[in-house]
Amino acid sequence: MKKYIWPALLLGLTFCQEKGAPITPVEPTPAPRQIAWQELEYYGFLHFNMNTFSDREWGFGDERPEQFNPTALDARQWARVASEAGMKGLIITAKHHDGFVLWPSAYTEHSVKNSPWKDGKGDLIKDLSEACKEYGLKFGIYYSPWDRNHPDYGKPEYITYMRNQLTELLTNYGEIFEVWFDGANGGDGYYGGANETRKVDKLTYYKWPEVYELVRELQPNAVMFSDGGPDVRWVGNEHGEAFETNWANLMRDSVYAGMPDYPQKYAPGQENGTHWVPAETNVSIRPGWYYHTYEDHRVRSLANLVDIYYNSIGRNTSLLINFPIDTRGLIHENDEEAILKLGEKIKEDFAVNLVSQAAVSASVERGSDYVSENVQDEDYETYWSVPDGQKSGSIEIDFGKPTVFNRLLIQEYVVLGQRIKAFSLEKEVNGNWEKVTEATTVGHKRILRFPDTEAQKIRVNFLNSKDVPVIAEVGVYHAPKLLLPPTTKRSTSGEVTLTAPDTNLELYYTLDGSNPTKDSQSYTGPIPVTKATTLLASSYDPATGKISDPVRLDLDLPKGTWKAIGDEDAKAIDENTYTYFTSKNGMLTIDLGEPIEIQGFSYMPMQARYPSGIITNFEFQISADGNSWKTVASGEFSNIVNSPIEQLVRFDPANAKFIRLKATKTADGNGATFGEVGVLTN
């Protein structure tokens, strides 16, 4: 019998070689719940809680339950909008930092059960869970570990309270796809009337390993989000932008929720990370996370939302877009209009995959199970790869005729780990290959945008990989051009300059708050604005008859005659948000040049990827002579570190010739920085 063993073995080896040997995973690799989560890609955040009615971003904890009183709350409307926008799930703020909860918890009176809504018999978590099921959406919860209301916060007793509430949320409302833990922990609060600052050790206080174990027990298919996971990590900002080099791998044991240097060190992931913890990009459709009437006209433009999509999902993250639910209990019509436009635009951009009908070949193939045609079959479970020992390779695509394209989409089969470190796209020109674009990591999905390019043949080169490349899909698309609004710039004298985003476009503007049309004022030169004015401007394409969404500027007094006093320089009043002033004494004093009736002020923090000295607590003072000062406003800029947008503070009208913004606290303890400071006169 022995004479038959070797031929059989050789036959088996030959068969294996023809099919291609199985691919060894590159650790770390994702758990099944992480794979299921990443396939969702796009889902919605719902910020709706006590802050909606107190008109704050972070409630202090001293609010009363009876303040929560929506007049037309409809969770089905939320689910319908999300579904129509192409989202796959919704996550709601079950408890924010102020401690008020949206379900009738048995463990607190600071709850909807003591509110006028539904006569105290409502359960918003139940309503939304049912609405999500109706519309085929996944359902998730946000829970703030910080509680500015609870008297035991900072003590061991609070941890028991927190686990009890999590148990309620994770056992009474069906399947949960994501549990979202905020990293803002410990600080000023009401704390049952104590009105004090309570610091906690963010690493040890919450006993996170035990919390994770509880979630795993009650919702084994749910992923958990925090700065460092354990399943999904924060992208490191709230602008809607992931790092261009973005690894799903993370040194997870070095990270904890709320750690101060997380955005700089850990947000991009690490090539040699020990655990699979992919990033989630969270961003609000408005400047704030909660609803404020004055932001009804500050909803993100379609152009901005499209950028967010490509800079998040297109850079190996999932995208979580927030809707600030209004005081009626509805997604505002402006927000609905914006998100539905995004959904239509993304469908338009990816309507036709030019690779699907092209001829595809590879520089080398691992075997019949791993052929190049697998990248065009729209089946994520099939993929192309190369023989062991090789860390590069190319896919060539022949469209059969000259074809125009401007998008490249690539997906790795990340079930076997993330591998690609560098790749490029080339086109054939007269028998030579010319580079079109290049990038670094791929991961679950990478999408590159570039100007319209024409070619019959293109080549995707995988230049460097941790091990053999494993490519599940390659897509090439020709996305229709989006008509962008003009860019704007204001001088210190008040003149506004508009610049067209492309050639052969006409610009139109209004100064009365209405949307521009072709019949509006035509832009021919700088527009003088010397008082509080709302300017809207659009681009018009005479070739197509289309007009862009408008860019909106809420302008106030020009700063040309203002002077910074003392050691301060003029960078905080130069109408350039990318310059800044660092104060030696924590304050900025400005001479307005003449007495003016003001009703508030604006503060733009330092704009940089790694800012310093952001003011979190402030006093604003006014003076008639520069000697005697009166404080007219004080407080905190909530969430300004994670969302460093312009802050608007209003107060009763007062006359002032001098103004002073004083930092009583900065986020990092460094000297206060001022990007731009202005006044509000109406």
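Biologist: Which residues are buried in α9?

Modeller: Leu-302, Ala-303, Leu-305, Val-306, Ile-308, Tyr-309, Tyr-310, Asn-311 and Ser-312 are buried there. Buried means under 20% relative accessible area, exposed means over 50%, and partly exposed is in between, using a 1.4 Å probe and protein chains only. Helices (H or I, at least four residues) and strands (E, at least two) are DSSP runs, numbered from the N terminus.

Biologist: Before we go on, what kind of model is it?

Modeller: This is a predicted model, where local features need pLDDT of at least 70 and side-chain atom pairs count only at pLDDT 80 or more, while totals for chains, interfaces and linings use all residues. Residues are numbered from 1 along each chain as its sequence is written, and side-chain values use heavy atoms, with hydrogens and water left out.

Biologist: Okay, back to α9. Why call it largely enclosed?

Modeller: Because 9 of the 11 residues of α9 (302-312) are buried, the helix is largely enclosed by the rest of the structure.

Biologist: And what do those buried residues pack against?

Modeller: They pack against β11 (279-284), β12 (317-324), α10 (333-349), β15 (393-412) and β18 (446-465). Contact here means heavy atoms within 4.5 Å.

Biologist: Switching to charges: how many salt bridges does a search of the whole structure find?

Modeller: The search finds 39. A salt bridge is a side-chain nitrogen of Lys or Arg within 4 Å of a carboxyl oxygen of Asp or Glu.

Biologist: Which residues in α10 pair up about one turn of the helix apart?

Modeller: Glu-337 and Lys-341 do, sitting 4 residues apart in α10, and their side chains meet in a salt bridge at 3.6 Å, N to O. Lys-345 and Glu-348 are 3 residues apart in that helix, with a salt bridge at 3.4 Å, N to O.

Biologist: Lys-345, is that buried or exposed?

Modeller: Lys-345 counts as buried, at 6% relative accessibility. Glu-348, on the other hand, is partly exposed at 41%.

Biologist: What network is Lys-345 linked in?

Modeller: A network of salt bridges links Lys-345, Glu-348, Asp-349 and Arg-407.

Biologist: New topic. Where is Gly-61?

Modeller: Gly-61 is in the loop between α3 (50-54) and α4 (75-84), and it is buried, with a relative accessible area of 0%.

Biologist: What's Gly-61 in contact with?

Modeller: Leaving aside neighbours within four places in sequence, Gly-61 is in contact with Asp-98, His-110, Arg-148, Asn-149 and Tyr-190. Gly-61 and His-150 are 7.9 Å apart in space, C-alpha to C-alpha, and 89 residues apart in sequence.

Biologist: Now the backbone. Which residues does a cis peptide bond join?

Modeller: One joins Glu-27 and Pro-28, with omega about 0 degrees. Another joins Gly-229 and Pro-230, with omega about 20 degrees. Pro-28 is in the loop between α1 (5-19) and α2 (32-40), and Pro-230 is in the loop between β7 (223-226) and β8 (232-234).

Biologist: And which residue has a positive phi although it is not a glycine?

Modeller: Asp-119 has one, about 55 degrees, and so does Asn-639, about 60 degrees. Asp-119 lies in the loop between β2 (89-95) and α5 (124-134) and counts as exposed at 67% relative accessibility. Asn-639 is in the loop between β32 (630-636) and β33 (647-666) and is buried, with a relative accessible area of 10%.
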